[in-house]
Amino acid sequence: MHITVKSNKPLTQNQIPADEFEQMRRENLARWPTGGLVDIDEAVALHKAMPAHKQLAQVLRNALKEGRCLTQPRGGFGTLELQLELMTTLDKEGLADIVPTTTDSYTRNEQWEKAQAGIEESKTACRSMLNGFPLVNYGPIEARKLIEAIDKPAIVLSGTSFPCLTGEIGYAAGYTGYLGSGLAYTVSYTKDTSIEEGIRNYQYLDRLVALYLEKGVELHRRQPGFLTGTNIPPSIAIITCIIDALLAAHQGVRNYGLELGQTLHLIQDAAAIHMCRELVQEYLRQFGFTDVFTPITSLHWMGAWPYDEAQAAALIVYGGAIAAISGAASITTKSTHEAFGIPTPQANAEGLRMTRMAIYLARGVKLNSLPEFRKECDLIRREVVPVVNKILELGDGDVAQGTIRAAAAGVLDIPWSPNKHVKSRVLPARDANGYLRILNPGEMPFPRDVLEEHAEALRRRAERENVPYGHDLAVSSVYEISEPLSRLLPSGRLEATPEAILAPILG
């Protein structure tokens with residue numbers, strides 16, 4: 001049973017009271033022996049003694065102020081020694097600006113006994129038998145060795161709807177960032193976990209971050225976007241960012257990053273990052289939050305990757321350029337080994353260097369003056385605002401209640417979600433020009449004129465490719481990037497002139 005935050009009170013967006021949270025912390029830390037090693041006052045002193053260039057909250061503030069795009073990979077192995085090698089390689093060889101620790105699947109599901117067995121098997125085999133680092137099993141004292149070995153800020157990539165103990169140990173170890181949120185991770189990674197449970201669990205983590213802030217330490221929290229491996233239209237991703245940001249702000253978080261997966265359409269991705277920053281801040285101000293810092297992270301392509309390393313390298317470089325041109329504060333990178341499984345530290349570092357070079361080459365390029373960019377920004381706003389307003393209406397102004405009720409009604413929906421608490425009827429597909437559009441809105445209250453624009457663009461694609469207008473458009477859009485080049489370009493040549501290809505970009 002995963003329920004780590006128990007309460008007889010109805011779920012609300014309100015901050016957890018200090019006395020109630022103190023009791024919750026005692027119960028949480030008692031669930032595994034290493035929880036007993038967490039001393040928040042000692043952890044506060046550790047963070048205050050840390051140099052500014054290892055504090056992720058401040059590093060991100062500086063990056064956005066200076067117009068830089070930081071690089072951060074993913075990565076986790078099953079023993080402290082292997083994780084140490086990985087993180088130092090990413091720091092020194094990959095030149096990562098932010099160094100990650102991805103937890104393993106057992107840790108994500110709070111199966112710490114199995115994680116311990118995985119550690120022992122990994123030591124015996126002299127290779128990782130886990131798909132990430134078992135942070136809870138090692139505990140805060142041992143994990144600090146990882147932080148001491150690098151000269152960059154470190155972030156926990158948790159991949160879980162159950163962050164309470166992992167978050168406590170991660171922050172106590174000296175990690176200054178933690179990735180995860182109550183809505184996005186629950187609908188991306190779980191089948192049976194309710195959205196209410198996911199929200200409650202992340203309210204705990206966000207209240208913990210607020211407690212650190214009360215003691216003088218600003219930590220970074222980050223919303224993870226969607227890791228479903230399928231296409232997510234920007235408007236749906238932004239709606240989720242708004243919800244998770246509001247939930248975190250109500251608990252007292254003031255440094256909250258937002259992630260957007262790339263659509264691989266330069267203009268759409270640039271418009272998405274621009275509008276995410278704008279709309280999230282609008283809704284935060286609507287609730288009276290005027291001091292929440294919300295940097296945007298761009299995610300390298302989250303769908304299926306090609307097996308051909310040259311194609312994969314092109315995705316990496318193009319993704320770096322997208323992030324830089326879009327004005328993202330950071331980019332989470334991948335490697336040419338993505339289609340094959342967990343990359344080696346060296347392949348991971350190579351992906352970082354590719355991305356960094358792409359960011360450098362794209363310096364100074366902006367799309368804000370293009371009519372196509374402004375048109376896409378306007379379309380995203382027209383998609384997002386009616387849905388978010390309906391969610392808040394359903395909750396009578398309480399975003400937590402509104403989220404649960406909206407998911408039950410289909411007003412809030414996620415394409416191809418494994419979670420049974422969302423209807424997953426909304427369906428996106430690429431249009432003739434490569435934009436992600438809404439093929440089937442399900443019950444989401446997008447305006448009629450918006451849906452007509454989407455339908456027209458998708459019909460043009462169906463006509464051009466001589467295929468039926470329907471479900472197959474969505475399915476083919478999921479797998480197209482992973483296809484061999486011989487299938488992407490069956491004639492062996494470009495199907496349009498360079499002028500025609502550049503027209504949507506140049507306006």
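The largest cavity of this predicted model has a volume of about 140 Å³, where a cavity is a set of points, on a 1 Å grid over the protein atoms alone, at which a 1.4 Å probe fits but cannot get out, and a volume is the space filled by probe spheres set on the points, with grid points joined across faces, edges and corners. Of the 15 residues that line the largest cavity, Thr230, Ile232, Gly261, Gln262 and Met302 are the closest to its centre, a lining residue being one with an atom within 4 Å of a point. Strand β6, residues 256–261, gives the most to this lining, with three residues; strands (E, at least two residues) and helices (H or I, at least four) are DSSP runs numbered from the N terminus.

Residues are numbered from 1 along each chain as its sequence is written. Local features need pLDDT of at least 70 and side-chain atom pairs count only at pLDDT 80 or more, while totals for chains, interfaces and linings use all residues, and side-chain values use heavy atoms, leaving out hydrogens and water.

The second largest cavity has a volume of about 70 Å³, and its lining includes Ile232, Gly261 and Gln262. To that lining α11 (234–251), β6 and α12 (266–286) each supply at least two residues, and α12 gives the most, with three.

Turning to open space, the second largest pocket holds about 710 Å³, a pocket being an open set with protein on both sides within 12 Å along at least five of seven lines. Among its 33 lining residues, Arg74, Thr102, Arg108, Tyr189 and Glu338 are the closest to the centre.
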